Amino acid sequence: MLHLDYRDARPIYEQVRDGLRKLMVTGVMQEGEKLPSVRALAASLAINPNTIQKAYEALEAEGYVYSVAGKGSFVAPQTGVDVHHKQQLLEQWRAATRELLYLGVDSEELCRFIGEQGGNEK
């Protein structure tokens, strides 16, 4: 499910957060699906439960996850993603697009790439 790289400079909780986010964005985890419990995921990755809790809290702050007291954490609807986070991602995309254009990738190729990604823009 998740792969941790101990040589990666990023903290483990960020790797967990990013790995779970990728599973949600790619559709491996669907809206409303229950995430593994903090203890279960910590045990399967052989890391401290506080690390998992921190990753879940970060995902909840970004709107990817919601918690139900006594039941656990669940994948949130796409509409719940934090507006600030969306803006950060758009700025990263703009910067990458500018660099790709500079490197000779034409706009038609960029449009094809976007189309291949599913075109879920709203």
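Biologist: Where does Ala 46 lie, in terms of α2 and α3?

Modeller: Ala 46 sits in the loop between them, with α2 covering 38-45 and α3 covering 49-62. Keep in mind that this is a predicted model.

Biologist: What is there to say about phi at Ala 46?

Modeller: The general idea first: most residues other than glycine have a negative phi. Ala 46 is not a glycine, yet has a positive phi of about 55°. Ala 46 is also exposed, at a relative accessible area of 66%.

Biologist: On to helix packing. At what angle do α4 and α5 pack?

Modeller: Helix α4 (residues 83-102) and helix α5 (residues 107-116) pack at about 140°, and their axes are 10 Å apart. Only angles over 145 degrees count as roughly antiparallel, so α4 is oblique to α5. The crossing of α4 past α5 is right-handed.

Biologist: Which residues make the contact?

Modeller: From α4 you have Trp 93, Thr 97, Leu 100 and Leu 101, and from α5 there are Ser 107, Leu 110 and Ile 114. Sorted by class, that contact of α4 with α5 has five nonpolar residues, two polar ones and no charged ones.

Biologist: And the aromatics: how many pairs does the structure hold?

Modeller: One aromatic pair. Tyr 66 and Phe 74 form it, 5.6 Å centre to centre with 25° between the planes. Planes under 30 degrees apart count as stacked, so this pair is stacked.

Biologist: Is Phe 74 buried or exposed?

Modeller: Buried, because its relative accessible area is 14% and the cut-off is under 20%.

Key
Residues are numbered from 1 along each chain as its sequence is written. This is a predicted model: local features need pLDDT of at least 70, side-chain atom pairs count only at pLDDT 80 or more; totals for chains, interfaces and linings use all residues. Side-chain values use heavy atoms; hydrogens and water are left out. Axes are lines fitted to C-alpha atoms, for helices over the stretch in contact, and angles run from 0 to 180 degrees between N-to-C directions. Helices (H or I, at least four residues) and strands (E, at least two) are DSSP runs, numbered from the N terminus. Angles under 35 degrees count as roughly parallel, over 145 as roughly antiparallel, 65 to 115 as roughly perpendicular and the rest as oblique. A crossing is left-handed if the near helix is turned anticlockwise from the far one by less than a right angle, and right-handed if clockwise. Contact means heavy atoms within 4.5 Å. Ala, Val, Leu, Ile, Met, Phe, Trp, Tyr, Cys and Pro count as nonpolar, Asp, Glu, Lys and Arg as charged, and the others, Gly among them, as polar. Rings of Phe, Tyr and Trp (its six-membered ring) pair if their centres lie within 6.5 Å; planes under 30 degrees apart count as stacked, over 60 as edge-to-face and the rest as tilted. Buried means under 20% relative accessible area, exposed over 50%, partly exposed in between (1.4 Å probe, protein chains only).
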